[in-house]
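Please walk through the secondary structure elements of this model and how they pack.

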Amino acid sequence: MAMLRHEEVKSCSGRSKSPRKVGKRVGGAAYVHISALGELADEERAQIEAARERIGEHWNVAKITTKGVSLLAYEDFETAAFPRLRHAWRLKTDGVDHDDYTQRDNPPILHRKELLLGANDPRVELFADLTRQIVERGLLADPHRIGTARAWEKRLEQAGVVVIGHRLADRAAPIARHRTAIARNRLSAPMQQLVLHGFIADKVSVFDYGCGQGDDIRVLRESGIEASGWDPYFAPAAPRAEAEVVNLGFVLNVIEAPGERIEVLRRAFSLARRVLAVSTMVTGQRPADGLRSHGDGHLTSRGTFQKYFAQSELRELIAEALGRDPVAVAPGVMFAFRQAEDEQEFLERRQSRERQWPSGVGLGPSLRIAQDNVQRSRFTPLVDDVAATWLELGRPPLRDEISPLTSAALRDAGLSLERATRLAADRVGHDRLIASAISRREDLTLFLAMCKFRRRSDASLSERLRRDVRHFFSSLAKAEEAGTVTLPPDLPSF
Ligand SMILES: C[S@@+](CC[C@H](N)C(=O)[O-])C[C@H]1O[C@@H](n2cnc3c(N)ncnc32)[C@H](O)[C@@H]1O
């Protein structure tokens with residue numbers, strides 16, 4: 001299909017009109033996406049509406065010529081880079097002509113999709129970027145030769161490129177971005193942060209942009225949260241829908257083209273009504289040794305690209321793409337807010353939380369290092385066992401939480417659990433105990449928030465969980481409150 005830019009066109013009645021703001025002109029015809037009909041002149045829109053009444057709703061592009069209107073159904077306009085024509089209906093005075101292209105192996109295809117859209121359509125950027133890439137590679141030369149599927153595929157093949165989503169890659173070594181997507185059996189770190197900070201909650205819609213295998217969506221849905229997502233490889237046909245909360249989780253770091261990272265960020269943010277969570281791998285997370293340099297990142301042995309961002313680099317990228325500073329919530333995890341008030345409220349909440357939990361508070365006298373070295377070596381294996389259980393629980397274990405063998409050995413050695421616990425604290429050190437408690441408390445907060453979504457009550461919590469709740473929060477109500485309001489940087493007393 002030949003491509004020209006927007007130009008002055010004649011209306012169907014042959015009268016000259018002012019330049020059309022929307023639509024792609026090919027020969028004597030103008031093509032307009034169904035979403036942009038509102039930008040047409042009244043007369044043209046009326047013709048399309050008249051055709052629509054006779055033809056129905058199964059089309060997505062209107063073709064306007066001086067002879068009249070045809071309605072065309074292309075395969076998924078949203079996700080197919082160069083959609084194939086599937087049906088065409090042409091209105092005649094005595095009826096409707098229908099051409100079915102679904103059984104043809106060489107149907108017409110559509111290039112430059114952005115020209116069919118309204119100027120403010122958020123898809124324009126993504127589509128125009130693909131056009132820019134194919135123009136840069138000279139693939140749109142002789143446009144009349146590439147209007148059908150086979151000719152176009154041949155041209156791509158001859159140029160040694162493949163199309164992945166809305167991106168061109170070299171056929172020789174296309175970067176297999178999708179291979180970076182791992183299966184998850186629990187929420188990813190940025191989703192956890194969104195739950196912990198109360199952004200994901202009952203009746204809040206969540207959209208996962210670049211959702212990979214979709215496990216975050218599954219876990220959220222299992223908890224009764226309205227969640228959906230899109231991924232160029234795993235869910236290319238899913239609609240990219242607006243939501244209160246949008247997650248762009250570990251996507252930017254697998255994209256090798258810096259310009260595309262900015263576009264993806266903008267696209268994801270355009271869907272976020274309240275907050276966008278952006279996360280990437282961060283410097284030092286995994287050694288880059290032995291990986292081959294590629295652009296500003298590395299190629300892995302699996303044919304994927306990875307860029308490890310410094311925290312400041314991620315912040316700058318988000319600020320450049322979105323024109324607003326993000327708020328860092330964890331290493332490699334940042335939130336960008338739609339409304340300044342929301343951001344303000346979030347920051348105030350965080351500050352008041354810090355006031356509530358000044359560092360060092362809450363260690364409690366029982367955690368003071370026990371200086372009791374008596375018979376330490378004899379007790380070491382038992383104390384180590386108690387310490388390991390403590391680190392796992394994030395709190396000192398109760399008697400029935402240590403192994404029966406250790407319990408019996410403690411009794412034989414005449415060592416009380418209380419003393420063994422003090423010795424364990426001594427051996428492990430405050431820092432590790434505090435880290436384990438913070439981590440367990442966060443896990444618990446997250447778990448309880450998810451339970452709340454599922455409307456589970458205290459009665460359905462296991463004995464261990466009930467003990468955890470008592471230890472960390474004193475009651476379930478307080479725990480749930482903590483799930484949406486406060487995350488202490490330090491511990492309550494042991
Ligand atoms: C490391 S995975 C992360 C998947 C998921 N967000 C998670 O945290 O489990 C990166 C994902 O980004 C997707 N991706 C690659 N390029 C993309 C783009 N331009 N826009 C959106 N997603 C993209 C890949 O298909 C892949 O599923």
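**Strands, helices and ligand shell**

In β15, phenylalanine 305 is the bridge partner of leucine 299. Strands here, like helices, are DSSP runs numbered from the N terminus (E, at least two residues, for strands; H or I, at least four, for helices). This is a predicted model, in which local features need pLDDT of at least 70 and side-chain atom pairs count only at pLDDT 80 or more, while totals for chains, interfaces and linings use all residues. Residues are numbered from 1 along each chain as its sequence is written.

Strand β14 (residues 297-299) and β15 run antiparallel and are joined by 2 bridges; two strands pair if DSSP finds at least two bridges between them. They belong to an open sheet of 3 strands, ordered β13-β14-β15, with antiparallel pairing. β13 (292-294) and β15 (305-306) are at the edges with a single partner strand each, so one side of each has no neighbour in the sheet.

Another open sheet has 6 strands in the order β1-β2-β3-β4-β5-β6, and its pairing is antiparallel. Its edge strands, β1 (24-26) and β6 (95-100), each pair on one side only. From one strand to the next, the twist averages 25°. Axes are lines fitted to C-alpha atoms, for helices over the stretch in contact, and angles run from 0 to 180 degrees between N-to-C directions. Within this sheet, strand β3 (residues 61-65) pairs with strand β4 (residues 68-74) in the antiparallel sense over 5 bridges. Opposite isoleucine 64 stands valine 69 in β4. Helix α1 (residues 42-55) packs on the sheet and touches β3, β4, β5 (85-92) and β6, with its direction at about 60° to that of β4. Contact between two residues requires their C-beta atoms, placed from the backbone, to lie within 7 Å.

Strand β7 (residues 161-164) and strand β8 (residues 167-170) form an antiparallel pair over 4 bridges. Isoleucine 164 has arginine 167 as its bridge partner in β8, and valine 162 stands opposite alanine 169 in β8. The hairpin of β7 and β8 has 2 residues between the strands, and in it glycine 165 takes a positive phi near 60°.

Helix α6 (residues 258-271) takes part in two helix pairs described next. The axes of α6 and helix α7 (residues 311-322) come within 9 Å and cross at roughly 65°. The two are therefore roughly perpendicular to each other; angles under 35 degrees count as roughly parallel, over 145 as roughly antiparallel, 65 to 115 as roughly perpendicular and the rest as oblique. α6 passes α7 in a right-handed crossing. A crossing is right-handed if the near helix is turned clockwise from the far one by less than a right angle, and left-handed if anticlockwise. Arg261, Ile262, Leu265, Arg266 and Phe269 of α6 make the contact with Leu317, Ile318, Glu320, Ala321 and Leu322 of α7. These residues divide into 7 nonpolar, no polar and 3 charged. Ala, Val, Leu, Ile, Met, Phe, Trp, Tyr, Cys and Pro count as nonpolar, Asp, Glu, Lys and Arg as charged, and the others, Gly among them, as polar.

With helix α2 (residues 123-136), the axis of α6 comes within 9 Å and crosses at roughly 160°. That makes α2 roughly antiparallel to α6. The crossing of α2 and α6 is left-handed. Glu125, Leu126 and Asp129 of α2 meet Glu263, Arg266 and Arg267 of α6 in this contact, whose residues divide into 1 nonpolar, no polar and 5 charged.

Around the ligand there are 22 residues, of which Thr180, Ala181, Gly210, Gly212 and Gly249 come nearest. A residue is near a molecule if its C-beta atom, placed from the backbone, lies within 6 Å of it. The shell divides into 11 nonpolar, 7 polar and 4 charged residues.
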